[in-house]
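Hello,

Here is the structure I said I would pass on. My notes on it follow below.

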Amino acid sequence: MNHDHFVTSALRNPVNTAILDMLRVTALPDAWIVAGCLTQTVWNVRTGRPVDHGINDYDIFYFDPDTSWDAEDAMIRRMASCLHGVDAKVEVRNQARVHLWYPTKHGRPYPAVTRSTDGIDRFLTVNTQVGLRPVADGYELYAPKGLDDIEQMIVRPNYTANFSAANYAAKAARWKALWPEITVIAAEE
């Protein structure tokens with residue numbers, strides 16, 4: 001799978017397209033649509049399912065040095081207004097403030113990051129380490145470990161400081177029920 005094939009497949013989901021169009025006009029700093037909504041759309045295209053099959057939510061990462069909750073909340077509300085009429089759950093998160101709440105919510109460390117792609121690097125699975133954003137001449141794809149696991153429908157652990165074998169197992173089990181074709185590589189404790 002190459003860049004063009006991935007982007008073409010991801011854009012078959014009208015929610016992904018709406019989000020990318022919105023990111024193009026809003027100038028949200030260091031903004032990407034990320035993770036499962038991209039990977040799962042590609043899986044759905046590959047397996048002939050409806051493009052939104054199994055997608056819980058659509059994640060937008062951005063990076064703003066203002067780590068106040070008020071600033072992030074204002075951005076969440078702004079993006080919700082821009083996406084009014086899009087029938088999907090969209091989660092907007094400032095990656096500059098994740099380290100402030102992640103340890104309490106998930107019981108795992110989460111060192112501060114310096115850009116949105118640092119957050120993508122910390123996803124639980126290699127196949128969701130993917131982000132897409134609009135650029136002047138098309139789309140920029142960020143996939144630090146490539147697209148092979150997405151193409152081959154492999155779910156494998158991404159061992160980082162915030163990795164949780166229990167969270168990984170729960171996520172993989174949910175996905176296996178929705179996409180029985182995937183191959184899940186068990187996490188080491």
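I start with the cysteines. The sulfur of Cys-82 has its closest cysteine sulfur in Cys-37, 17 Å away, which is too far for a bond. A disulfide would need the two sulfur atoms within 2.5 Å, and a search of the whole structure finds zero disulfides. Please keep in mind that this is a predicted model.

The surroundings of the two cysteines are as follows. Cys-37 is buried, at 1% relative accessible area, whereas Cys-82 is partly exposed, at 39%.

Leaving out neighbours within four places in sequence, Thr-26 is in contact with Arg-78, Met-79 and Cys-82. Thr-26 belongs to helix 2, which covers residues 14-26. Its relative accessibility is 9%, so Thr-26 counts as buried, the limit being under 20%.

The other residue I looked at is Asp-149. Asp-149 sits in helix 7, residues 148-151. Is Asp-149 buried or exposed? With a relative accessible area of 8%, Asp-149 is buried. Apart from residues up to four places away in sequence, Asp-149 touches Val-126, Asn-127, Ile-154 and Arg-156. Gln-129 is 20 residues from Asp-149 along the chain, and the C-alpha atoms of these two residues are 10.0 Å apart.

Now the chain as a whole. The protein chain contains eight helices and seven strands. Its radius of gyration is 16 Å, which agrees with the value near 16 Å that a compact globule of 189 residues would have. The C-alpha trace spans about 40 × 35 × 25 Å along its principal axes. Of the 189 residues, 46% count as buried.

On contacts in the chain: taking those between residues at least 6 apart in sequence, 69% join residues at least 24 apart.

Last, surface and charge. The accessible surface of the protein chain is about 9000 Å², and carbon and sulfur atoms account for 52% of that surface. There are 19 positive and 23 negative side chains in the protein chain, and the centres of these two sets are 3 Å apart.

Regards

Key
Residues are numbered from 1 along each chain as its sequence is written. This is a predicted model: local features need pLDDT of at least 70, side-chain atom pairs count only at pLDDT 80 or more; totals for chains, interfaces and linings use all residues. Side-chain values use heavy atoms; hydrogens and water are left out. Helices (H or I, at least four residues) and strands (E, at least two) are DSSP runs, numbered from the N terminus. Buried means under 20% relative accessible area, exposed over 50%, partly exposed in between (1.4 Å probe, protein chains only). Contact means heavy atoms within 4.5 Å. The radius of gyration is taken over C-alpha atoms; the globule rule is 2.2 Å times the number of residues to the power 0.38. Accessible areas come from the Shrake-Rupley method with a 1.4 Å probe; for residues, only the protein chains shown count as cover. Lys and Arg count as positive and Asp and Glu as negative; His and the chain ends are not counted. The place of a charge is taken as NZ of Lys, CZ of Arg, CG of Asp or CD of Glu.
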